[in-house]
Amino acid sequence: MKRTQLQFETSILSVCAASGSSNMRTESTKTSNGSVDECKPAGVHVVTGTPEEAANILAGMENDGMVKKLPKYENCWLARTDPKDVARVESKTVIVTKNQRDTIPIPAGGVKSQLGSWMSESDWQTARRGRFPGCMAGRTMYVIPFSMGPVGSPLTKYGVQVTDSPYVVASMGIMTRMGTPVLNKLSEGEEFVRCQHSVGRPLPLKAPLVNSWPCNPEQVLISHLPDTRQIMSFGSGYGGNSLLGKKCFALRIASRIAKDEGWLAEHMLILGITNPKGVKRYVAAAFPSACGKTNLAMMKPALPGWKVECVGDDIAWMKFDGQGKLRAINPENGFFGVAPGTSDKTNPYAMATIVRNTMFTNVGETSDGGVWWEGLAPPAAGVTLKDWHGKTWQQGSATQCAHPNSRFCAPAAQCPIIDPQWESEEGVPIDAIIFGGRRPEGTCCSR
């Protein structure tokens, strides 16, 4: 018998928001009575994903001074973070397993591994007890049911994230399929990854916020528990530290799920390319961060007759179908792109994508209600700039106007060259894979 929506929302609070499922409990989850009991929020809101709900979330953030509306564009917003919370914190990102060898190669004595950080289960329990109890006091706990991939696709995986950050709710609404459609799938018994996040600043505050941005930089810890399909993030409100559907789920936990189930979760763009004869092929390409994946995924060919269409710019989930053909989906629903360097010259399609329904973070602000960053043409005469700290900024200043890791978060469906099959449930057929890297220094040739 199917549960009603109210029954399911009640159960999701007691089960999904808990630290583990009834059929996947470990000693670590037995010690927890669930996220609500542990974090002690003032209230709980189950996210439905409606436009009205999204508007209310943004209005509340604006009222709290956490975001500012940008009148130059349609439904675009600017957030400025605490300067101590501006990027992923790899040194405080750990994977928790019973044995270190299950996570990373064990380096020689005195040598720090370059392939990830492992934390023992006992150390993680100690770290958790020092962070999460009471961490959401005075705040609302948002329960976000989300889908990585098109809802209903055989390649899709589901998650539920609890968070005390409305910025996370607004951003996850762009980056994932979120809300009631996912609740309906979970009510049918779909498995899901359990994600718990807190900015770590319970109310009342003991110290003032910087830029109205709650975070706890000294206590940041982003932990992954692949054996129980859990992600626990504390202290940071920004990017991949808090939007747990991104690298935390889509690569780290998904890689473990993929290993167990026989598929691949990769740091790859996906694009479709059509030649002048109308023959189309799909290509995946793996490059490290900041190597131009987004620009390649949205390339504007200079060769006559060629066409490129974007499926995804960051992550690919790939699996062989029943006929032995490798197929791939982009599990994300949006672009979380680095702003500096993006321009009409380097990526005109990205620029066309971000003029509506976009969350900008730590970019510069123009006096006419727009945004600016390094790489864009100078503003028009008479238009002044504020930097990512909110201070007056002029061309030629010793500091940068936008933070080097400043971001735009925009819906993928708005991309002018989004591929018609980008939400195909079976995935697009991959015909080639490109691998690339980054040189530590440039090279030059002498004649």
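Reader: What is the volume of the second largest cavity?

Author: The second largest cavity has a volume of about 30 Å³. The model is predicted, so local features require pLDDT of at least 70 and side-chain atom pairs pLDDT 80 or more, while totals for chains, interfaces and linings use all residues. Residues are numbered from 1 along each chain as its sequence is written, and side-chain values use heavy atoms, without hydrogens and water.

Reader: What makes this space a cavity?

Author: On a 1 Å grid over the protein atoms alone, a cavity is a set of points where a 1.4 Å probe fits but cannot get out. The volume is the space filled by probe spheres set on the points, which are joined across faces, edges and corners. Two cavities of 30 Å³ or more are counted by this rule.

Reader: Which residues line the second largest cavity?

Author: The lining (residues with an atom within 4 Å of a point) consists of Trp124, Arg128, Arg131, Phe132, Leu221, Ser223, Met232 and Phe234. H5, strand S10 (221-225) and S11 each give two or more residues to it; helices (H or I, at least four residues) and strands (E, at least two) are DSSP runs numbered from the N terminus. The lining divides into five nonpolar, one polar and two charged residues.

Reader: How many aromatic pairs does the structure hold, and why is that of Tyr73 and Phe360 called tilted?

Author: There are nine aromatic pairs. Ring centres of Phe, Tyr and Trp (its six-membered ring) must lie within 6.5 Å, and planes under 30 degrees apart count as stacked, over 60 as edge-to-face and the rest as tilted. The centres of Tyr73 and Phe360 are 6.3 Å apart and their planes stand at 45 degrees, so this pair is tilted. It joins the loop between strand S2 (67-69) and strand S3 (77-79), which holds Tyr73, to strand S19 (residues 359-361), which holds Phe360, 287 residues apart.

Reader: Is Phe360 buried or exposed?

Author: Phe360 has 1% relative accessibility and therefore counts as buried, given that buried means under 20% relative accessible area, exposed over 50% and partly exposed in between (1.4 Å probe, protein chains only).

Reader: What makes the pair of Phe132 and Phe234 edge-to-face?

Author: The planes of Phe132 and Phe234 are 75 degrees apart, with 5.3 Å centre to centre, and the pair is edge-to-face. Phe132 lies in the loop between helix H5 (121-129) and strand S6 (140-148) and Phe234 in strand S11 (residues 230-234), so parts 102 residues apart in sequence are tied together. Phe132 is buried at 3% relative accessibility, and Phe234 is buried with a relative accessible area of 3%.

Reader: How do you know that Cys195 is in no disulfide?

Author: A disulfide is a pair of cysteine sulfur atoms within 2.5 Å, and the structure holds zero of them. For Cys195 the nearest cysteine sulfur, that of Cys248, is 7.9 Å away, so no disulfide is assigned. Cys195 is buried at 3% relative accessibility. For Cys310 the nearest cysteine sulfur, that of Cys415, is 5.2 Å away, and Cys310 is likewise in no disulfide. Cys310 counts as buried at 0% relative accessibility.

Reader: What is the volume of the largest pocket, and which element gives the most to its lining?

Author: The largest pocket has a volume of about 980 Å³. A pocket is an open set of points with protein on both sides within 12 Å along at least five of seven lines. The pocket is lined by 28 residues, with Ile95, Thr103, Leu115, Gly116 and Arg252 nearest its centre. H8 gives the most to this lining, with seven residues.

Conventions:
Ala, Val, Leu, Ile, Met, Phe, Trp, Tyr, Cys and Pro count as nonpolar, Asp, Glu, Lys and Arg as charged, and the others, Gly among them, as polar.
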